[in-house]
Amino acid sequence: MIDEILPSPVGTGSTFADYDAALTALYPQEAAAIASARPKRRQEYASVRMCARRAMSELGVPPAPVLSGVRGEPLWPGGIVGSLTHCPGFRAAAVGRSSAFVGIGIDAEPNLPLAEDLLEFISLPQERARVHALTQSSPEVCWDRLLFSAKEAVFKVWFPLAKCELDFTEAVIRIDPGSGTFSARLLVPGPTADGERIEGFDGRWLSRRGILLAAIALRRTTGQGEAGALPRAGGLGRPVDHLADGDPGVLLTHPHRRARSTESMMPSRSPWPNTPEFATTDSTIALACSSTRTSMPGVEGARSNW
Ligand SMILES: CC(C)(COP(=O)(O)OP(=O)(O)OC[C@H]1O[C@@H](n2cnc3c(N)ncnc32)[C@H](O)[C@@H]1OP(=O)(O)O)[C@@H](O)C(=O)NCCC(=O)NCCS
């Protein structure tokens, strides 16, 4: 169902179940990277990588290992951007060609209220007011959790571009319940892409089967541009490239996982199991998300079959 909130041409893979086959199908360097993790973590890591392989296959690119960067970000093969997510009962991956997309961020959460006090931590006053209003009018969606999910999706598209932290209160999200869209306005200077500073992101959300999904696919405005690094704004964000391994400041506030050995060679086989639950999505391309940029406000290439 993640395909329903991503534009074409994005490849997706998702599953509602885990399979032992996912573990044995890991590339050696992925298996090494996750070897010492708890079984539950190993399983989600493996399952979401099978989703990634499926997504790559749908995009027409060869399967490849997906290791993790210093802040936990997925490291995609050259020419590919993408995002992974896993929550209880659901795992998903989305990939696009970097010639078409600057970045992608997806997030899945159970449709359950946030733990007490968490809303206050992750939201701005205007976001809380909106959450409370939406909860009154449409209680079937946990709007606090959806707000959180949208923020996680923002971070996942933000980080590979900006290479620094983005606090929950450094982007203001507005969720539109009727259209299944949301917008994120950055309250700190964004990175540049295709020569334009990114000021925010537009995304899509979906609530189905007890899962909330949020997705952002940031399209290129030119076929030529490359995403640029964020000029450091005084005191805003937090670069991670200077952090020593195990830096407690980051580990305490943003626990993440680290990659290990990458020495093994990539196997030539496709490790994707032939199971219907690992859904392919080539028939359903429903919508587009776009960036909000200085010289290009509004939605770019949005489709309207909603
Ligand atoms: C990184 C983070 C967004 C992951 O979200 P999550 O809901 O905990 O976990 P999910 O299961 O949805 O996603 C996990 C996947 O995110 C991806 N991810 C992790 N760190 C990432 C990063 N820095 N950049 C992009 N993607 C990242 C990984 O692929 C990971 O899966 P893997 O470890 O199996 O490879 C979250 O842990 C975090 O640090 N949040 C704080 C920052 C934030 O959200 N700020 C709000 C800005 S408005």
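**The core and its surroundings**

Guide: The largest nonpolar core has 70 residues, and those with the most contacts inside it are Ala 94, Val 95, Ala 150, Val 154 and Ala 215. Its largest share, 13 residues, comes from helix α6 (residues 143-162). This is a predicted model, in which local features need pLDDT of at least 70 and side-chain atom pairs count only at pLDDT 80 or more, while totals for chains, interfaces and linings use all residues. Residues are numbered from 1 along each chain as its sequence is written.

Visitor: What makes a set of residues a nonpolar core?

Guide: The set consists of buried Ala, Val, Leu, Ile, Met, Phe, Trp, Tyr and Cys residues joined through C-beta atoms within 7 Å. In soluble globular proteins, nonpolar side chains tend to be buried together.

Visitor: Which residues does Val 95 touch?

Guide: Leaving out residues up to four places away in sequence, the contacts of Val 95 include Val 10, Ala 52, Met 56, Trp 76 and Val 81. A contact means that the C-beta atoms, placed from the backbone, lie within 7 Å.

Visitor: Why is Asp 194 called buried?

Guide: A residue is buried if 20 or more other C-beta atoms (placed from the backbone) lie within 10 Å of its own, exposed if 12 or fewer, and partly exposed in between. Asp 194 has 21 C-beta neighbours inside 10 Å, so it counts as buried. Asp 194 is found in the loop between β9 (192-193) and β10 (196-208), and its phi is positive, near 50°.

Visitor: And Asp 117, why is that residue called exposed?

Guide: Asp 117 has 8 other C-beta atoms within 10 Å, and therefore it is exposed. Asp 117 lies in the loop between β6 (101-110) and α4 (118-122). Its phi is positive too, about 80°, although Asp 117 is not a glycine.

Visitor: How do you know that β4 and β5 pair?

Guide: Two strands pair if DSSP finds at least two bridges between them. Eight bridges join β4 (residues 80-87) to β5 (residues 90-97), and the two run antiparallel. In one of these bridges, Val 81 has Gly 96 as its partner in β5. The two strands form a hairpin with two residues between them, and Gly 89 in the turn has a positive phi of about 85°.

Visitor: What counts as a helix or a strand?

Guide: Both are DSSP runs, numbered from the N terminus: helices (H or I) have at least four residues and strands (E) at least two. The chain comes to seven helices and 12 strands.

Terms used: Contact = placed C-beta atoms within 7 Å.
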